[in-house]
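Subject: Structure handover and findings

Dear colleague,

Please find below the structure that I am passing on to you.

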Amino acid sequence: MAVLRPASARLRRPGAPRPQSFRLRGLRWVVACAVVASAGAGWAAHGHGEYEVKAAFLLNFARLVEWPSSAFRGRDDPIALGVLGRDPFGGSLEKLVKGRSVGRRLIEVKQLSRPEEAARCHIVFVSAAARTPVREILSATGGANVLLVGEKPDFAQRGGAINFISEDHRVRFEINPDAARRAGLGISSRLLRLAKLVSDDRDPR
Amino acid sequence: MAPRCQRARAIRKIAWTSSLSFTLAVLLLPPRGDARADTSADLGDLSIEALMQIEVTSVSKHAQPLAEAAAAVTVLNGEDLRRSGFTSIPEALRLVPGLSVASIDANKWAITARGFNSQFANKLLVLIDGRSVYTPLFSGVWWDVQDVPMEDIERIEVVRGPGGTLWGANAVNGVINIITKSAKDTQGWLASGGGGSLEQGFGTLRYGGELNPDAHLRGYLKYFNRGDFKGDSTANANDKWEATRGGFRLDWDLTPDDLLTFQGDYYDGESHGTLVTGADDQDDPSGGNLLARWTHTLSETSEFTSQFYYDRTERDLTLLSQNLDTVDLEFQHRFAVSDWHDLIWGAGYRRYMDDVSNKTLGLAFTPTDRNDNVASAFFQNEFSLLEDSLKLIIGSKFEYNDYTDFEFQPNARALWRPDEKQSVWAAVSRAVRTPSRADEDVFFLAPTDDPLTFNTFTGQSGFDSEEVLSLELGYRAQPVERVSFDIATYYSFYNDLRSTEIAGPPIPFFPCPICTTIPLTLDNKIDAETYGVELSTTWHPTDFWELSGSYTLMMVDVDPDNDSTDTTAKDQEDDTPDHQFQLHSRLNLPYDLEFDTSFYYVSKLSSQNVGSYERVDARLAWHPREHLELSVVGQNLFEGKHREFGDGFFTVSNRVPRSVYGKVTWRY
């Protein structure tokens, strides 16, 4: 017969020593109040905005995407990061990339006013305010090795390589591997692993 | 036999040495020096994984980055689940540091956080898409019916420690939140299937479609057939398990500010086992649920959610059958009072309609039918101070239930982030485990070590809530870009835990003239203290390799009241392992191959007569084409079989065998 745990028919040895137990009936509120009271002065608030985080993503994309050496003039040639459409970063992108490098390359932020300027960049961030359709930006880059990063629905399905999406207040991104391949860019597996992979929209709306 | 032992020993030695050196390497890595004052520049030092850092809703019922959680939180995402090779939710919980997950047989588990484990462990709250899967029969979870297609799981959030303020009673030692993907994220076809030695056959078919650009729907069917564990001899045990389930989910963005979700599942299964008397035990669980949720955004800083669900659970065991209907209605509203003060408040009502049919004289619930109501309300304040580097959270839940009337469960938490890469948090919280039918309504006749002596357990009406006061302290950091770690510590004080008391002198047991029964009743005469450390760390040595490890110290000190006659109370100290250690390696290889290995060490459970064991799992996967994955998974590779938990009240425990299965997954 199997031995059952709850068979507590055995009686306790009388007078068996018993460890002391802490009781905290009153103390718990003292502790709770102490935590509250320890809130000092200095009330202010400003968390990380969406675009500060997106700026940091762009820096990471620069590190995790590989351009053919022909895309640069030399080993120290900086990575040109263009922003197309009204700049939503409010200076935080410049501040973030300042003094940082990718290997030996510095990052140069440029504000682009026309899609044609995109061809001279390595990364182009197309802000939500940009009205140029993806197709036109692609034809403006004319097959140059430009990583297009967008933030509007279907940006990647329409030919952009990377598109920011938000899920439950989080910044995430889609990658269209075919679009990256067409731009002659190598995307690290680490990036692909984290991305939501999408493919070309066969029937563009 | 001898060379095999040697090999096993050698493997064990390698595993230990490598894991030890890994831990040392992580601990000895130099901390990063220049902490910049400018936080926006600091973001640039974060790895992309850190930037993506999953936000969690469990801690404060709204999305929040993990680094900002003032609690011991672990999140398993879809990728973690896919690469673990686990095929069910309870098995996947093995990955979570700070939990104790033990198989009892092929379809039964003992799962808890921070102490007090058993098949009927009652201090953990489990939710699937916001639906509580708690059974009021024993305040625990029937794990064999908590399932969804593994591919549909967006993430599993595990909060260890009391979660009573937001989640309510039963969240004494932790909350497990299983969250499935939105229908929008599961578009197209998915077909997966496979089989092997223990997992004899399984398959999932899912299709997601678009009703209109704002409404997405998915439906799935899932079947599995799990074979037997091993018995004490080399023979197979008789504990096979199979289940079929199907379900749907509709997510509809009615307007940019209104999201409607409807979802439901139906399942039917068969779970086998062996009763302690040696007889076969067959349980035919089936059930279903329907849930509707409406999330409305009032403004950028104000949002409310309203949710209703109905759940039916039917179980037909050899010893009894149970039909349970649950209806639940919840509302919560979150808004910014000022730019440094958020308030979340909510209210809910739940009704359980439980209907038991007693089948034997040895186990009975009286009354057989019982309806219970729970009404609750909560509020939680979140203050952001010192330019957001300090966060204070204060709140409480108030609950009215039919057993103990009024309960309150307050907590106070603080989180300090000296810079982007570190956070320190502390919490003081109280939670209660309200009584269940197993505390008040049960009658149970059990054999003892002495074949002529029996025990009768009788529940006690007026059973009190079990309560805990927990102190927690944690630290998270990313000292260098490729290394992050998380340490959580706790010290908890439990009062009024369930004890088994002698209710009177032994009485003759009439069917057998020379036998006696000792009448026992349930009471609240045990106090306890628990303490522990939960350490986890992740290291990316290269872009294609991820190593992660964890260590869990879980100590329980039980102290019965002076007038308690419960002599087995102390056994609970050893129902959870003192030490657990895990090491996982995930490797992306050329030719679209993935090679993943896991090592687990769990120390002994002396009260359960279970020795310490090691477990090694491995997975090799190949993606020959973009939409196709072929994988082979080996589980418990280096041990023929091991036991993880002792026999329960009713069923015997069996041994986890070595097993292998193959799987094909196709997405289109």
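The notes below cover conventions, salt bridges, nonpolar cores, a cavity, and some backbone and local details.

Conventions

This is a predicted model, in which local features need pLDDT of at least 70 and side-chain atom pairs count only at pLDDT 80 or more, while totals for chains, interfaces and linings use all residues. Residues are numbered from 1 along each chain as its sequence is written, chains are lettered from A and ligands numbered from 1 in the order in which they are written, and side-chain values use heavy atoms, with hydrogens and water left out.

Salt bridges

Over all chains, the structure holds 63 salt bridges (a side-chain nitrogen of Lys or Arg within 4 Å of a carboxyl oxygen of Asp or Glu). In general, side chains of opposite charge can pair when their charged atoms come close.

One of these links B:R160 to B:E534, with 2.7 Å between the closest N and O atoms. B:R160 belongs to strand β6 (residues 153-160) of chain B and B:E534 to strand β28 (residues 516-542) of chain B, so the pair ties together parts that are 374 residues apart in sequence. Helices (H or I, at least four residues) and strands (E, at least two) are DSSP runs, numbered from the N terminus. B:R160 and B:E534 are both buried, a term that stands for under 20% relative accessible area, with exposed meaning over 50% and partly exposed in between (1.4 Å probe, protein chains only).

A salt bridge also joins B:R413 and B:E472, whose closest N and O atoms are 3.9 Å apart. Here B:R413 lies in strand β21 (residues 405-419) of chain B and B:E472 in strand β25 (residues 466-480) of chain B, so this pair connects parts that are 59 residues apart in sequence. The relative accessible area is 6% for B:R413, which is therefore buried, and 4% for B:E472, which is therefore buried.

B:R94 and B:E91 form a further salt bridge (3.1 Å, N to O), and both residues are buried.

Nonpolar cores

A nonpolar core is a set of buried Ala, Val, Leu, Ile, Met, Phe, Trp, Tyr and Cys residues joined through side-chain atoms within 4.5 Å. The largest one has 44 residues, and A:F57, A:F61, A:L147, A:F173 and A:L191 touch the most other members. Elements giving two or more residues to this core include β2 (79-84) and β8 (170-175) of chain A, together with α3 (48-51) of chain B. The most comes from α2(A), which gives 10 residues.

A:F173 is in contact (heavy atoms within 4.5 Å) with residues of both chains, among them A:F57, A:F61, A:L191, B:I48 and B:M52, not counting residues up to four places away in sequence. A second, separate core has 33 residues, including B:V96, B:I153, B:I156 and B:V158.

Second largest cavity

A search of the whole structure finds 14 cavities of 30 Å³ or more. On a 1 Å grid over the protein atoms alone, a cavity is a set of points where a 1.4 Å probe fits but cannot get out, and lining residues have an atom within 4 Å of a point. Grid points are joined across faces, edges and corners, and a volume is the space filled by probe spheres set on the points.

The second largest cavity has a volume of about 200 Å³. It is lined by 19 residues, of which B:R131, B:V133, B:Q146, B:D311 and B:T313 are the closest to its centre. The largest share of this lining, three residues, is supplied by β16(B). By class, the lining of the second largest cavity comprises eight nonpolar, seven polar and four charged residues (Ala, Val, Leu, Ile, Met, Phe, Trp, Tyr, Cys and Pro count as nonpolar, Asp, Glu, Lys and Arg as charged, and the others, Gly among them, as polar).

Backbone and local details

The peptide bond from B:T366 to B:P367 is cis, with omega near -5°. B:P367 sits in the loop between β18 (363-365) and β19 (369-385) of chain B.

B:Y591, a residue other than glycine, has a positive phi near 60°. B:Y591 is placed in the loop between β30 (579-589) and β31 (593-602) of chain B, and its relative accessible area of 71% makes it exposed.

With kind regards

Key
On a 1 Å grid over the protein atoms alone, a cavity is a set of points where a 1.4 Å probe fits but cannot get out, and a pocket is an open set with protein on both sides within 12 Å along at least five of seven lines; lining residues have an atom within 4 Å of a point.
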